[in-house]
Structures are given as structure tokens and as C-alpha cells.
Amino acid sequence: MSAELKDKAARLFAERFGTDPEGVVFAPGRVNLIGEHVDYNEGLVLPMPVREGTAIAWARSEGTEFEVVAADFGEEDSFAVPPGKPDEVDWRSYVRGMVAESGLAAGGMRMLVTGDLPRGSGLSSSASLCVAVGCALAEASGREASPVELAQAAQRTEHQWAEVACGIMDQMAVAAGEPGHAMLLDCRDLGFSLHRLPEDWAVVVTESGVTRGLIDGEYNARRAQCEAAARALGVASLRDASMADVEASGLDDLTRRRALHVVDEIARTRAAADALGRSDLAAFGAILRKGHASLRDLFEVSVPAVDAVVEELQSVIGAQGGARMTGGGFGGAVVAVLAAERLGELERQTGRSFLRVH
Ligand code: GAF
């Protein structure tokens, strides 16, 4: 996937600018296996990169001007460094934000951006775009940028240029993940380990058909509710709370349910990493199913169309695997983990198309 996309970016760059690019970079999207809405509570998450992502063909140019082509939208942007904010949040915000936040720009550049992530699916096209821009800037300037630095600049871009108070899971998975490996990431100190998925497991993603819309307000509200819960419990973050603390706390019902999800989801992430280490697909699947129920009932970020897809997949997969919503919620993609030999049956019985992650 990435090789074809990079070729496409190089070809479109040459068509648009009349010269070959100096380089082409690629950054993937991500799917989260478990650990949802816990990154901004300093919790543990288990994402992995997908094969699709963002490719940028780039070349340095005279002066300080940036010329950026978003080939998939048929749109262009040009700006000088330091860039100002666009009037509205769109792809320009992420490109300009990364130029500003990464501190990696060393002169003008031309970039041509193209991607193959399904839009509105919650597979982190924005983190993919930001990290790809960071990689292009680093290559062009010859400056070193570690994956953690790129991820942190991408997170600042989301916060300050797109007004989404996201955690750092997506950016870390995109910048430091490895294909075929789940990343057990501690969002408190950004320590992580990579865990190869068994060859006889399949990880697939399918669209719910509900495009994630204007949900940034809901997302930021969930984060505020978690922070309110932590304050009421007298802890720095919900990472430090136990189920017993939450049950005994006297929190109002809504805040209590949000906190219960987070505390239990962190425990589920640890248990899922253990199950992965034992290649225990049944245990892993059971954790995914519980995770989905918690997001639906306690955290209230699923929607009926997503629940229906999860149930449809689950009815075929049975006990040997699991399905759940993935990402921020309110639509978007569903992830399923199952025995690889049963993937054909899942496709036949549901008539759905799947992105193969592993
Ligand atoms: C979105 C956010 F960007 C992530 O930081 C994370 O909170 C996720 O929703 C939910 O787990 O993808």
C-alpha cells in the first residue's frame, strides 16, 4: 500500500510542479485494539498502525514560502513561515500547525499530499497527516526528530490548531508503531513495547457507514468529565484511581460511569496485552467485547449503527475473537480480531468489505 501511494505522490508532484520531488515520506493511520478514551487519563492503550496512510512528496524551494497541494481535495495552500491559522479548521490547519509546532522548517518547501485512509472512519487521518508532514520537514532540513518528538508536535497541532483536546495515542502509534505489531503504550511516560501479533490471527476494520461528524465538542466534554472525576477523587488522573475508589466516591451518576469505564478499560488493556502474549484469542476477544459494552453503556460514545455492526461481526466470530468500535466514537470504524482462517467466512456471511490490518 505505502509503496504504491508513495509512487502516486511522486508522480502527482512531478505533474504539478514540473520537477521530480527530492523525497517521499509515508505515515500510516492507526487502529486501536483496546484502551479507548484512556490516553488523556494517563492510561495504557494498545493501538497498531494500519497499512493505509498519508504520503507526501517534497522538495526544497527558494525563500521561505511553502506551497502545499492536497491532491485528494484538489486544493492548495501557500504560506510563509511562521504560518498563521487558517480561518477554518481543515487540512491546512494540520500542515501549518506541524510546520509551526515542530520547529523543523528550515526554508521554503513544496509538498504534495495524498492518502488512502477512508475518510471519517476514525483511523487517525489527521495524526497520519501531521506525522507525515513532520517526516518531510525533518528530511528536508536534515534535522533529527525522534518519533516521540514528532508525536508531541502532532498532538500540540491537534490541541492548538484544530481545537481537539486529544491524548497522544494516535500520534504515538503513527510515529513509533510497527506494522504487524500492537503497541502497548503507557500514556503517562510514553514508554512502550511492541508485541507481534500471532500469524494465525487476523485484525480487520470495517466501516459502520456513519461518518464521524462534528464530534469534537463531545470528545472535549468526555475529557472534561474525566478530569472532574479525578479532581473529585483527589487523584492527578484516573490512572491513579481504583474501581473501589470510584464505587465509594459518591460521584454523581454520569461522572461515576465515565470514571468506571476509564479505570476498567485500563485494566482491560493490561489483560489484553497478557492475552496477546499467550496467543489466547478467546481471552483477547472477550476483552474486546467488554470494552465495547463499556463504551456503549458507561462512556456513551457509541451509536446504534456501530453497535449493530459490532453485533453482526460478533455473531459470526463467536467466542474465538471479538469486535468493537475503535477510536473516539460517534461513528467510524469497527475493529475485529479473529482466527485468520475464518476471515473468508466473515466476509461471506456479512457481505462486508474489510481493511486487512494484520
Ligand atoms: C481519538 C483521540 F484523538 C485519541 O487521543 C483517543 O483519545 C481516542 O479518540 C479515544 O481512545 O482518536
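How far apart should the ends of the 17 residues of α3 be at 1.5 Å a residue, and what is the span between its end C-alpha atoms? The legends below take this up. This is a predicted model, in which local features need pLDDT of at least 70, side-chain atom pairs count only at pLDDT 80 or more, and totals for chains, interfaces and linings use all residues. Residues are numbered from 1 along each chain as its sequence is written.

**View 1. The whole chain.** The chain holds 11 helices and 11 strands. Helices (H or I, at least four residues) and strands (E, at least two) are DSSP runs, numbered from the N terminus. The radius of gyration, taken over C-alpha atoms, is 20 Å. Along its principal axes, the C-alpha trace spans about 60 × 50 × 35 Å.

**View 2. Helix α3.** The expected span of a helix is 1.5 Å times one less than its number of residues. For α3 that gives 24 Å, and the end C-alpha atoms are 24 Å apart, which agrees. Of its 17 residues, 14 are buried, so α3 is largely enclosed by the rest of the structure. A residue is buried if 20 or more other C-beta atoms lie within 10 Å of its own, exposed if 12 or fewer, and partly exposed in between; C-beta atoms are placed from the backbone. Just after α3, G142 takes a positive phi of about 70°.

**View 3. The largest nonpolar core.** This core has 109 residues, and I56, V131, A136 and V334 have the most contacts inside it. Helix α3 (residues 125–141) gives the largest share, 10 residues. A nonpolar core is a set of buried Ala, Val, Leu, Ile, Met, Phe, Trp, Tyr and Cys residues joined through C-beta atoms within 7 Å. Leaving out residues up to four places away in sequence, I56 touches residues including A9, V24, M111 and A136. Two residues are in contact if their C-beta atoms, placed from the backbone, lie within 7 Å.

**View 4. S2 in helix α1.** S2 sits in α1, which covers residues 2–17. S2 has 18 other C-beta atoms within 10 Å, so S2 is partly exposed. Not counting residues up to four places away in sequence, S2 touches F26, G53 and A55. S2 and R30 are 28 residues apart along the chain, and their C-alpha atoms are separated by 14 Å.

Note on methods: The radius of gyration is taken over C-alpha atoms; the globule rule is 2.2 Å times the number of residues to the power 0.38.
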